[in-house]
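Here is a short briefing on helix packing and pockets. Keep the model open as you read.

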Amino acid sequence: MQFHNWCDEVIRKIGNHDLNVMTCQVDKRPIAITETASVVPGHYASEEQVARAFARLGKPAAAALIQCKLPTTKAIRSGDLGEIYATEWIDAHSGGYRAPIKRLRWKDHRNMALRGEDVIGILQNAQTQRLYFMKTEAKSRARLTAQVLTEARAGLDKDGGLPSAHALSFISARLFELGNLPLSDAIDDALLKHGVPVQSVRHLLFTFSGNAPVALLTASFQAYHGPINQWGIGLCVNDHAAFISEVYDRVITDANNA
């Protein structure tokens with residue numbers, strides 16, 4: 001996803017940390033809804049699974065497969081979309097990190113949140129094969145507050161600021177199932193053989209909110225005195241709740257019209 005298609009962006013430094021604030025342009029809101037709705041289904045079901053349902057059972061069944069995976073509650077939709085945006089931003093704009101799995105495909109129930117780190121981006125050095133990790137907390141709120149960022153900070157600082165062993169094991173297992181054995185093995189090596197040094201970790205604090213996040217994110221980074229480099233991304237969209245509803249409505253409409 002290319003956020004610059006529908007957002008204005010302001011980039012600044014807070015000490016040694018990076019802060020990007022992206023604001024949805026009012027006249028480009030329809031583009032934002034269309035582009036977002038186009039990527040949402042792939043976070044809940046693989047393209048291959050949907051295509052197979054379409055080939056075997058027809059368009060209504062493929063649409064139903066997507067719809068039955070979408071959350072129906074406002075809170076879970078909000079949280080999921082924040083995680084989806086964070087994943088898409090890592091893949092497109094983080095300078096080489098990738099989120100190697102789309103975690104929402106493995107939810108226990110569509111109206112339940114997944115436990116653990118929201119997203120972990122991974123970058124592998126082509127020469128040394130060394131892994132670098134971007135531990136991510138994604139927060140989606142109609143009104144972002146300092147308390148929400150305090151909760152995010154607690155999540156980022158957990159396990160000494162490193163990605164948890166549980167989260168890395170989960171990613172490795174899913175990659176093994178998907179046939180990506182080299183990256184699965186590299187994660188296992190980092191987890192079980194070499195360890196994960198703090199120098200190989202960055203934190204990403206990603207917010208998706210209806211109010212401007214710049215002052216809150218700035219204060220949060222100014223208050224952080226730990227050893228891990230921080231990256232803050234604040235995505236601001238007016239009428240946050242209505243926007244989320246419009247996105248999920250468009251996903252359902254598009255699935256039925258595909």
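Predicted model: local features only at pLDDT ≥ 70, side-chain atom pairs only at ≥ 80, totals over all residues.

Residues are numbered from 1 along each chain as its sequence is written, and side-chain values use heavy atoms, with hydrogens and water left out.

**Helix 6 and helix 7**

- Two packed helices are described by the angle between their axes and the distance between the axes.
- Helix 6 spans residues 165-178 and helix 7 spans residues 181-194. Helices (H or I, at least four residues) and strands (E, at least two) are DSSP runs, numbered from the N terminus.
- Their axes lie 8 Å apart, at an angle of about 155°. Axes are lines fitted to C-alpha atoms, for helices over the stretch in contact, and angles run from 0 to 180 degrees between N-to-C directions.
- That angle makes helix 6 roughly antiparallel to helix 7. The cut-offs are under 35 degrees for roughly parallel, over 145 for roughly antiparallel, 65 to 115 for roughly perpendicular, and oblique for the rest.
- Helix 6 and helix 7 cross in a left-handed way. A crossing is left-handed if the near helix is turned anticlockwise from the far one by less than a right angle, and right-handed if clockwise.
- Helix 6 brings Ala165, Leu168, Ser169, Ile171, Ser172, Leu175 and Phe176 to the contact, and helix 7 brings Leu181, Leu183, Ser184, Ile187, Asp188 and Leu191. Contact means heavy atoms within 4.5 Å.
- This contact of helix 6 with helix 7 has 9 nonpolar, 3 polar and 1 charged residues. Ala, Val, Leu, Ile, Met, Phe, Trp, Tyr, Cys and Pro count as nonpolar, Asp, Glu, Lys and Arg as charged, and the others, Gly among them, as polar.

**Helix 3 and its two partners**

- Helix 3 (residues 59-69) and helix 9 have axes that come within 8 Å and cross at roughly 160°.
- Helix 3 and helix 9 are therefore roughly antiparallel to each other.
- Their crossing is right-handed.
- On helix 3, Lys59, Ala63, Ile66 and Gln67 meet Val251, Ile252, Ala255 and Asn256 of helix 9.
- The contact of helix 3 with helix 9 holds 5 nonpolar, 2 polar and 1 charged residues.
- Helix 2 (residues 47-57) and helix 3 have axes that come within 6 Å and cross at roughly 145°.
- Helix 2 also passes helix 3 in a right-handed crossing.
- The contact of helix 2 with helix 3 has 8 nonpolar, 1 polar and 2 charged residues.

**Pockets**

- The largest pocket has a volume of about 510 Å³. On a 1 Å grid over the protein atoms alone, a pocket is an open set of points where a 1.4 Å probe fits, with protein on both sides within 12 Å along at least five of seven lines, and lining residues have an atom within 4 Å of a point. Grid points are joined across faces, edges and corners, and a volume is the space filled by probe spheres set on the points.
- Among its 25 lining residues, Ala75, Ile76, Ser78, Gly79 and Asp80 are the closest to the centre of the largest pocket.
- Helix 4 gives the largest share of that lining, 8 residues.
- The second largest pocket holds about 410 Å³ of space.
- Of its 27 lining residues, Arg103, Leu114, Arg115, His166 and Phe170 lie nearest the centre.
- Helix 6 gives the most to this second lining, with 4 residues.
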